[in-house]
Amino acid sequence: ELKFNLKTGLFVNLILIVQFAVFFWQGTIISSYFLEMPAGPGGGFDSASGDYDYYSVDGINFINEDEEAFFRNEAADPDFGANLAKAFSEIYGNPDLNFMAFGYGGMSVQIYCDSLPDTFDSQEQQVLLSERFNSPAMDGREVCEFMNLYQFDYPAETHFNFQVSEGQLLTEKDFAHSWEEEIPILLGHDFAGCLEAGDTLDNYLLGYQCRFRVAGILEEGTSVLTDQMISGVDEDGYGTPLILDNAALIPYLEMTDAPRTEDEAYFLRANYEGIRQDGILTVDRDTPRSEVSEMEKELCEIFTKNGIYPVTVSGSTYGVRVFKTESRETMRILLGASTLMGALSISGICMSVIAKLNRNLHRYGIELMNGQSPGPIMGAFLTEIFFVIAAAMAFNIWKYTDLMRWNLMFLWVILGMAFLSVLIVAAVFTWKLRKIDIEEIIRNGE
């Protein structure tokens, strides 16, 4: 019976397999937009203590060639730095985003050695500063670099609750900067005795000639811990904090005036690129990923509106990454369309099964009147239903194999849609089979 059904309905079954494959494919992507289905590792970094999870912002994650072209055009845009500045002004003005930036940054800081105080001896310099070298870009003057350099914004300073043993922390106004002003910095505890609050350092910052002013020396043991900033992993698998005792902390700046030279324009762009690169969404430990995805969507909308390639967030869902430029209202429409596609697919297979049943009612009636159990008939049809849906399901499992390695929710969603489809079609078929009046069929010669 099964072989007969498959042979007589081969073309229809192939169409139904394609229909269900598309339904499962669409349904899985859109489900991952709304459900807790991260598309890869990262996000929600697990620390042994603390009340927060950290989701790092990833600047580049191409989904298709159009998005890659978007990024290339962005890089060539002379207004890109200004566009980034406008975007981050809006981001920092939105407290619901819980956005901060802390990381390695993109700055190349070269300090003029002749501006260093005499308190630096060779041993201290080896630990805190690089060896001195001559730089043609700076008229051959000797320069050196910080051995450990990080950048941070005001939300990061307050979130990590930095404390100083000398001088003072940066205020929110210190992050607003005009080109002629000194840049206040914080130094780790190991710099105490070599530099003190109020000391200044002339430097060459990506072509921008400026002066650092030491605002404060951090307390000993000051540390940070995010999903990117760790010093290692303990025996229980938890990340251990990154100690900042030998580090220099340079602020990410909010520029208050337009660049006057090409070097200043380059610095402006690098400054805001660093914020995008080191951006972090900070949320309470029990915050569901769906809310994090909403924050990511808002970030994407702000960037896209300002002509900037939309970011992704570590641990974000596959659906959010694919549909990062779409509004939530659009996604609800797509969810409705996917649901309609599922309803049409299920209706199609129900109609196909019922049509086959009606075409062979007389033969089935005779077999049942002769004492044959309805089991083989039901089994053949249900097996055919399962074959169609299983083929579509197998295609989607192959399609999402890589994602399933990170999150089995993709498999459960596909299995759930398949099980629901089989259940509905089986229920409709059983209901139809039970309504058949065998004696009437034989009597009427159907």
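Student: How many aromatic pairs does a search of the whole structure find?

Tutor: The search finds 21 aromatic pairs. Keep in mind that this is a predicted model.

Student: Why is the pair of Phe88 and Phe99 called tilted?

Tutor: Start with the distance. The ring centres of Phe88 and Phe99 are 5.8 Å apart, and a pair needs centres within 6.5 Å. Now the angle. The planes stand at 45°. Stacked needs under 30 degrees and edge-to-face over 60. The pair is therefore tilted.

Student: What does the pair of Phe88 and Phe99 tie together?

Tutor: Phe88 sits in helix H4 (residues 80-92) and Phe99 in strand E2 (residues 99-103), so the pair ties together parts 11 residues apart in sequence.

Student: Why does Phe99 count as buried?

Tutor: Its relative accessibility is 8%. Buried means under 20%, so Phe99 qualifies. Phe88, at 1%, counts as buried too.

Student: What makes the pair of Phe152 and Phe175 edge-to-face?

Tutor: The centres are 5.6 Å apart and the planes are at 90°. Phe152 lies in strand E6 (residues 149-152). Phe175 lies in the loop between strand E7 (164-167) and strand E8 (176-177). Both residues are buried.

Student: Which residues form one aromatic cluster?

Tutor: The cluster includes Phe152 and Phe175, along with Phe102, Tyr104, Tyr150, Tyr154, Phe160 and Phe162.

Student: Which residues touch the most other members of the largest nonpolar core?

Tutor: That core has 53 residues, and Phe99, Phe146, Leu187, Leu205 and Phe212 touch the most other members.

Notes: Residues numbered from 1 in each chain as written. Predicted model: local features only at pLDDT ≥ 70, side-chain atom pairs only at ≥ 80, totals over all residues. Heavy atoms only, no water. Core = buried A, V, L, I, M, F, W, Y, C linked by side-chain atoms within 4.5 Å. Buried < 20%, exposed > 50% of the residue type's maximum accessible area, 1.4 Å probe, protein only. Phe/Tyr/Trp six-rings, centres within 6.5 Å; stacked < 30°, edge-to-face > 60°. Helix = DSSP H or I, 4+ residues; strand = E, 2+ residues; numbered from the N terminus.
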